[in-house]
Amino acid sequence: QVQLVESGGGLVQAGGSLRLSCAASGLFSSRYAMGWFRQAPGKEREFVAGISATGYSTWYADSVKGRSTISRDNAKNTLYLQMNSLKPEDTAVYYCAAMAGKLSYIGVGTAYDYWGQGTQVTVSS
């Protein structure tokens, strides 16, 4: 049974930092591209960042580019998202996901095969 479990969310002041983690089990995560998505209340889910199976390639949404870093440790089956200079508009539930498909779909939520349950990030002004 595949499980993706996010952690590291919480309440932080604007300008602060958080590091999200996503622990994968039941799959060889090194065979999957991984991504982070987020969904704010009343808004659609949006792509945040993605990383190839090897970790050599990364992609970011313009809204977080320069403030966030996605990384992975395949030996630990764990995905990370370091977020700095957080803004109130970063407030959302953050989800990690795993994708076996083409990297050209890295930003497309429906292309992902497995999803975590999400972790809440709240940034106060």
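A polar contact is a pair of N or O atoms within 3.5 Å, where, within protein, one atom must be able to donate a hydrogen and the other to accept it. In this predicted model, the side chain of Glu6 reaches the backbone nitrogen of Gly118 at 2.9 Å.

**Glu6 and its surroundings**
- Glu6 belongs to strand β1, which spans residues 3-7.
- Although Glu6 is buried, it has no salt bridge, and Arg45, the nearest side chain of opposite charge, is 9.9 Å away.
- Besides reaching Gly118, the side chain of Glu6 has a polar atom that lies 3.0 Å from the backbone nitrogen of Gln117.

**Strand β9 and its partners**
- Strand β4 (residues 33-39) runs antiparallel to β9 and is joined to it by seven bridges, with Ala33 standing opposite Met99 of β9.
- Strand β11 (residues 119-124) also pairs with β9 in the antiparallel sense, over three bridges, and here Val93 stands opposite Gln120 of β11.
- Strand β10 (residues 114-115) is joined to β9 by two bridges, again antiparallel, and Ala97 stands opposite Trp115 of β10.

Conventions
Residues are numbered from 1 along each chain as its sequence is written. This is a predicted model: local features need pLDDT of at least 70, side-chain atom pairs count only at pLDDT 80 or more; totals for chains, interfaces and linings use all residues. Side-chain values use heavy atoms; hydrogens and water are left out. Two strands pair if DSSP finds at least two bridges between them. Helices (H or I, at least four residues) and strands (E, at least two) are DSSP runs, numbered from the N terminus. Buried means under 20% relative accessible area, exposed over 50%, partly exposed in between (1.4 Å probe, protein chains only). Lys and Arg count as positive and Asp and Glu as negative; His and the chain ends are not counted. A salt bridge is a side-chain nitrogen of Lys or Arg within 4 Å of a carboxyl oxygen of Asp or Glu.
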